[in-house]
Amino acid sequence: MAALPRRSSGLLGGIFLTLAACWSSTGVFSVPLRRQRLCSPRTTSRLQRRASADTQGKLSNPDFFIGRGFDASELQAAAERLAARSSDEIWALAEFEPEDQPSHLPPGDTSWKPLPKEKRWMDLPQFMAVERRLTGSSEETSNALFTVLAQGSGYVEKPKVQAALQAW
């Protein structure tokens, strides 16, 4: 990996150093920088609160790969119970917020239709609510199962879930 420049070189270098300084204060990654106060204390504290709110209650990918934060035997049992179900049943139990018509379309435009439920993606809280109702597993196990199905991303898609359930 290339080393960071010590001085900003033009507009892009300045933006990069500013972003690096702000993000390093959130704990996402840490980069040694020569100039430490590129973000105001107000911006830094706001970013720290947002970063902690985004990760609160979520199993991190490194923790998952290390096997920390969940019980592997409980995860196996929950996966077996979930494999007895279908993705149709999982998506039927999921609650999705109603989609709003995009603002660039004129009001009352009939060409736009919301996505059907089976084409929508499910995020962690939605998946956990459904999975815990179906299998009765703990929050940590449900979170780990989501990480498996989402392949580390922040959402699961119905065709991928169906393929995983059939493979299990």
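Visitor: What does the secondary structure of the chain come to?
Guide: This is a predicted model. Read along the sequence, its elements follow the pattern α-α-α-α-α-β-α-α-β-α. The secondary structure of the chain therefore comes to eight helices and two strands.

Visitor: What share of the residues in the chain is buried?
Guide: A residue counts as buried when its relative accessible area is under 20%. The chain has 168 residues. Of these, the buried residues make up 30%.

Visitor: What share of the accessible surface of the chain belongs to carbon and sulfur atoms?
Guide: The accessible surface of the chain comes to about 11,300 Å². The part that belongs to carbon and sulfur atoms is 54%.

Visitor: Are H4 and H6 roughly parallel or roughly perpendicular to each other?
Guide: Two packed helices are described by the angle between their axes and the distance between the axes. The axes of helix H4 (residues 72–83) and H6 come within 10 Å and cross at roughly 85°. Angles of 65 to 115 degrees count as roughly perpendicular. The two helices, H4 and H6, are therefore roughly perpendicular.

Visitor: How many nonpolar, polar and charged residues has the contact of H4 with H6?
Guide: From H4, the contact is made by Ala78, Arg81 and Leu82. From H6 come Phe127, Glu131, Leu134 and Thr135. By class, the contact has four nonpolar, one polar and two charged residues.

Visitor: Is Thr135 buried or exposed?
Guide: Thr135 has its place in helix H6 (residues 124–135). Its relative accessibility is 10%, and the cut-off for a buried residue is under 20%. Thr135 therefore counts as buried.

Visitor: Which residues does Thr135 touch, not counting residues up to four places away in sequence?
Guide: Thr135 is one of the residues of H6 that make the contact with H4. Not counting residues up to four places away in sequence, Thr135 touches Ala78, Arg81 and Leu82.

Visitor: With which side chain does the side chain of Thr135 make a polar contact?
Guide: A polar contact requires a pair of N or O atoms within 3.5 Å. For the side chain of Thr135, the distance is 3.2 Å, and the partner is the side chain of Ser137.

Visitor: What is the phi of Gln151?
Guide: Most residues other than glycine have a negative phi. Gln151 is not a glycine, although its phi is positive, at about 55°.

Visitor: Is Gln151 buried or exposed?
Guide: Gln151 lies in the loop between helix H7 (139–150) and strand E2 (155–156). Its relative accessible area is 62%, and exposed means over 50%. Gln151 is therefore exposed.

How values were computed: Residues numbered from 1 in each chain as written. Predicted model: local features only at pLDDT ≥ 70, side-chain atom pairs only at ≥ 80, totals over all residues. Heavy atoms only, no water. Helix = DSSP H or I, 4+ residues; strand = E, 2+ residues; numbered from the N terminus. Buried < 20%, exposed > 50% of the residue type's maximum accessible area, 1.4 Å probe, protein only. Polar contact = N/O pair within 3.5 Å; in protein donor to acceptor, adjacent residues only side chain to side chain. Contact = heavy atoms within 4.5 Å. Areas by Shrake-Rupley, 256 points an atom, 1.4 Å probe, with all protein chains shown as cover. Axes fitted to C-alpha atoms, helices over the stretch in contact; angles between N-to-C directions. Parallel < 35°, antiparallel > 145°, perpendicular 65-115°, else oblique. Nonpolar A, V, L, I, M, F, W, Y, C, P; charged D, E, K, R; others polar.
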